[in-house]
Amino acid sequence: MSAERNAPDAPGTTEERERAEDITVRDPVSAPDAEGRPRRATRRFPLFTRDTARPEGGGRAAPRDAPAPARQWPILSVLLTVGLGLLLTALDQFRLGTLLVGVALLAGSVLRWLVPDVGMLAVRSRFTDIVTYGGLGLVIALLALMVQPHPLLEIPFLKDTLHFTVDS
C-alpha cells in the first residue's frame with residue numbers, strides 16, 4: 001500500500017486535490033477558515049446584497065443605560081422643532097412656521113455632520129443625509145422668506161422669469 005492510501009487527509013493527496021477543485025470561488029479569498037472553506041479577504045461589497053447595512057453613525061446617541069428619549073436626542077430635537085413649526089403654521093403663522101421647519105432640517109444636517117452617533121437621524125450614508133437634510137431645509141427656508149405678501153427675500157430674476165413664462 002502506498003502512503004497516500006494510508007493517510008487520505010495528508011497534504012498533497014489525491015482526495016485533497018479533488019476536494020479543492022470542487023470549491024467554486026467568485027470573490028477574492030484568503031486562507032480558508034476553520035472548516036476549510038475559503039473566506040472573503042476583501043472589504044468590497046458582494047455582487048448581490050442580502051441585507052441592509054446599518055448607516056454610518058446609526059448607533060445610539062447616548063449610552064445603553066440612558067432612557068430612550070435621551071438615546072435618540074438628535075432625531076427628537078429635529079422632530080420637535082418641525083412639530084412646533086407645523087403647529088405655528090396651523091395657527092396662521094405660515095411664514096414663521098415654515099421657516100422653523102426649514103431651520104429644523106438645516107439643524108439636522110449640521111447634527112449629522114458634527115455628531116458622530118446621531119441615532120435614528122442617520123438614515124443613509126453621512127454624505128447623502130447631509131445633502132438631503134441641508135437641501136430640503138434650505139429650499140423650505142428660502143421659500144418661507146419669499147412668501148407673499150410682503151416677502152422678506154426678493155430675488156429679481158424670479159419675477160422676470162415668472163412674467164416671461166406667463167406671457168408666452
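## Basis of the model

The model is predicted, and local features need pLDDT of at least 70, side-chain atom pairs count only at pLDDT 80 or more, and totals for chains, interfaces and linings use all residues. Residues are numbered from 1 along each chain as its sequence is written, and side-chain values use heavy atoms, with hydrogens and water left out.

## Overall fold

The protein chain has seven helices and two strands. Both kinds of element are DSSP runs, numbered from the N terminus: helices are H or I with at least four residues, strands are E with at least two. Along the sequence the pattern reads α-α-β-β-α-α-α-α-α.

The protein chain holds 168 residues, and 21% of them are buried. Buried means under 20% relative accessible area, exposed means over 50%, and partly exposed lies in between (1.4 Å probe, protein chains only). Of the contacts with a separation of 6 or more, 45% link residues 24 or more positions apart. A contact means heavy atoms within 4.5 Å.

## Helix α4

Helix α4 covers residues 73-90. Its 18 residues should span 26 Å at 1.5 Å a residue, and the end C-alpha atoms are 25 Å apart, which agrees. The expected span is 1.5 Å times one less than the number of residues.

The buried residues here are P74, I75, V78, V82 and G85. Seen down the axis of α4, the buried residues fall within an arc of 95 degrees, so they line one face of the helix. That arc is taken from the directions from the helix axis to the C-beta atoms. An α-helix has 3.6 residues a turn, so residues three or four places apart point the same way. The face of α4 turned away from the buried side carries the exposed residues L80 and A90. The buried residues of α4 pack against α5.

## Helix α5

Helix α5 runs over residues 94-114. Its 21 residues should span 30 Å at 1.5 Å a residue, and the end C-alpha atoms are 30 Å apart, in agreement.

The buried residues of α5 are G97, T98, V101, G102, A104, L105, G108, S109, L111 and R112. These residues pack against α4 and α6.

## Helix α6

Helix α6 spans residues 126-146. G134 sits in this helix. At 16% relative accessibility, G134 counts as buried. Beyond its neighbours within four places in sequence, G134 is in contact with L106, S109 and D129. G134 and A107 are 27 residues apart along the chain, and their C-alpha atoms are separated by 8.2 Å.

L142 is also a residue of α6. At 33% relative accessibility, L142 counts as partly exposed. L142 and E154 are 12 residues apart in sequence, with 9.9 Å between their C-alpha atoms.

## Loops and backbone geometry

D92 lies in the loop between α4 and α5. Its phi is positive, about 70 degrees, although D92 is not a glycine. At 67% relative accessibility, D92 counts as exposed.

The loop between α6 and α7 holds P149. A cis peptide bond joins Q148 and P149, with omega about -5 degrees. H150 is in the loop between α6 and α7 too. H150 is a residue other than glycine, yet its phi is positive, near 55 degrees. At 68% relative accessibility, H150 counts as exposed.

## The largest pocket

Rolling a probe the size of a water molecule over the atoms shows where empty space is left. The largest pocket has a volume of about 210 Å³. On a 1 Å grid over the protein atoms alone, a cavity is a set of points where a 1.4 Å probe fits but cannot get out, while a pocket is an open set with protein on both sides within 12 Å along at least five of seven lines; lining residues have an atom within 4 Å of a point. Grid points are joined across faces, edges and corners, and the volume is the space filled by probe spheres set on the points.

The lining consists of M146, Q148, P151, L153, E154, I155, P156, L158 and K159. Helix α7 (residues 156-167) gives the most to this lining, with three residues. By class, the lining has six nonpolar, one polar and two charged residues. Ala, Val, Leu, Ile, Met, Phe, Trp, Tyr, Cys and Pro count as nonpolar; Asp, Glu, Lys and Arg count as charged; the others, Gly among them, count as polar.
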